[in-house]
Amino acid sequence: MTQADCKACRHFKSAPYQARIDGCYHPDHMKVSQKDAYLSEQETPGDHRVINRRGSCGDFESHPKNRSLLSRILSD
Ligand code: SF4
């Protein structure tokens, strides 16, 4: 079985550019979540080191592949 790597998961955000605190922003793992974007400063992520301690997190999802500029132009 392949290991889940939080740094390659779409639910992981790192401080300071993506979020206030490093961690797992999967809705099922967050300690405090907010529905409204303007309250996002109050969100507290789950501790990815604990949730994915064995590298076997079932909620791992890889980042979506970046589509090429040409494929985006052709689909619009
Ligand atoms: S704990 Fe799981 S869902 Fe959260 S960032 Fe790591 S692999 Fe992704």
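These legends walk through several views of one predicted model. Residues are counted from 1 along each chain, in the order its sequence is written. Because this is a prediction, local features need pLDDT of at least 70 and side-chain atom pairs count only at pLDDT 80 or more, while totals for chains, interfaces and linings use all residues.

**View 1. Here is the chain from end to end.** You'll find 2 helices and 2 strands, both being DSSP runs numbered from the N terminus (helices are H or I, at least four residues; strands are E, at least two). Starting at the N terminus, the order is β-β-α-α. With a radius of gyration of 15 Å, well over the 11 Å from the globule rule for 76 residues, the chain is more spread out than a compact globule. That radius is taken over C-alpha atoms, and the rule is 2.2 Å times the number of residues to the power 0.38. The C-alpha trace spans about 40 × 40 × 20 Å along its principal axes.

View 2. Around the ligand sit 14 residues, and the closest are Cys6, Cys9, Cys24, Cys57 and Asp59. A residue joins this set if its C-beta atom, placed from the backbone, lies within 6 Å. Sorted by class, the shell holds 8 nonpolar, 5 polar and 1 charged residues. Here Ala, Val, Leu, Ile, Met, Phe, Trp, Tyr, Cys and Pro are nonpolar, Asp, Glu, Lys and Arg are charged, and the others, including Gly, are polar.

**View 3. Now for confidence.** The average pLDDT (the predictor's confidence in each residue, from 0 to 100) is 91, and 97% of the residues score at least 70. Strand 2 (residues 23-24) is highest at 98, and helix 2 (residues 69-75) is lowest at a mean of 81.
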